[in-house]
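Please view the sequence and the model together, and then consult the points below.

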Amino acid sequence: MNKVDYMEVTVPNYSYVFNFEETFRHMDTKIWMTNNWTNGFYYCGIYMILIFGGQHYMSNRPKFELRGILTLWNTMLATFSIIGFTRTAPELIHVLKHYGFYHSVCIPSFIEQDCVSGFWTWMFVLSKLPELGDTIFIVLRKQPLIFLHWYHHITVLLYSWFSYKEYTASARWFVVMNYFVHSVMYSYYALKAMGYKPPKGIPMLITTLQLAQMVIGCIINVTAYQYLESGLGDCHISRTCATFGLLMYFSYFVLFARFFRKAYLSGKHRNKVGKKHYENGTAEYEKLKAN
């Protein structure tokens, strides 16, 4: 096990560090999140009332198209995710290359020692609140609101906020993976909203990336728990966080696998009678002409 004193860890040599990154003070954000993370439960409660109340309100009303706003929304989220990925991935790669896998799972230097990665990790956890806005488009456009969508949004927000206040070291993996998948996903949604028709295999690729993310998430949490149980080193993740992280990622894997089977492996999809893809978190049916 490659145990390194994380207070002496060097950070990646970024080509440029912005002022807002350089002035990031991680302890201020930790104090804020420690005092406020439970507010996430209130936000999720309001979210549930709004989306299901909104569905009831829209049940006898015509749907909204909202193409322009949807294009702007997805473009903003895609841009944010791409920037977040390019600013956090170098830290993970640097740690794996110079300090090893154990450090990447157990040492929270990505927050405490790297102002760039720390800032964008903070932005990541905060972004889970406005991302709830995805569901507004689903409700107003009268698209099917599946369990996977709202369950995923709620649990990610609560887990992200909880794990941040604990400086969960393994979170560096989750942040980088989620930024990457969202970079692809929201870019696809933005192009769709603009009226472009990306290759038909892109939705399947996105769901495959999501499944891979869940598998890696399970592996990271299991590994972290094993490090904790071994007692061979100081692993900065609580048993509670590792357990809930594993349960969360495994439940996502089951739900996304079920979605993948129904969307891409069912008889309807193979016969090209219809296609089902995950757009802004929901299942949307589109009529296709047979070849």
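R172 has a relative accessible area of 2%, under the 20% limit, and is therefore buried. The model shown is predicted, and it holds 4 salt bridges.

- R172 forms a salt bridge with E91, and the closest N and O atoms are 2.9 Å apart.
- E91 belongs to helix α4 (residues 67-98) and R172 to helix α10 (residues 171-194), so this pair ties together parts that are 81 residues apart in sequence.
- E91 is also buried, because its relative accessibility is 4%.

**The pair K128 and E131**
- A salt bridge joins the side chains of K128 and E131, at 3.2 Å from N to O.
- Both K128 and E131 are buried.

**The pair E229 and R239**
- The side chains of E229 and R239 meet in a salt bridge, at 2.8 Å from N to O.
- This pair links distant parts of the chain, with E229 in helix α11 and R239 in helix α12 (residues 239-264), 10 residues apart.
- E229 counts as partly exposed because its relative accessibility is 46%.
- R239 has a relative accessible area of 41% and is therefore partly exposed.

**Helix α11 and its end**
- Helix α11 (residues 202-230) has 29 residues, so at 1.5 Å a residue it should span 42 Å.
- Just after α11, G231 adopts a positive phi of about 70°.

Definitions and conventions. Residues are numbered from 1 along each chain as its sequence is written. This is a predicted model: local features need pLDDT of at least 70, side-chain atom pairs count only at pLDDT 80 or more; totals for chains, interfaces and linings use all residues. Side-chain values use heavy atoms; hydrogens and water are left out. Helices (H or I, at least four residues) and strands (E, at least two) are DSSP runs, numbered from the N terminus. The expected span of a helix is 1.5 Å times one less than its number of residues. Buried means under 20% relative accessible area, exposed over 50%, partly exposed in between (1.4 Å probe, protein chains only).
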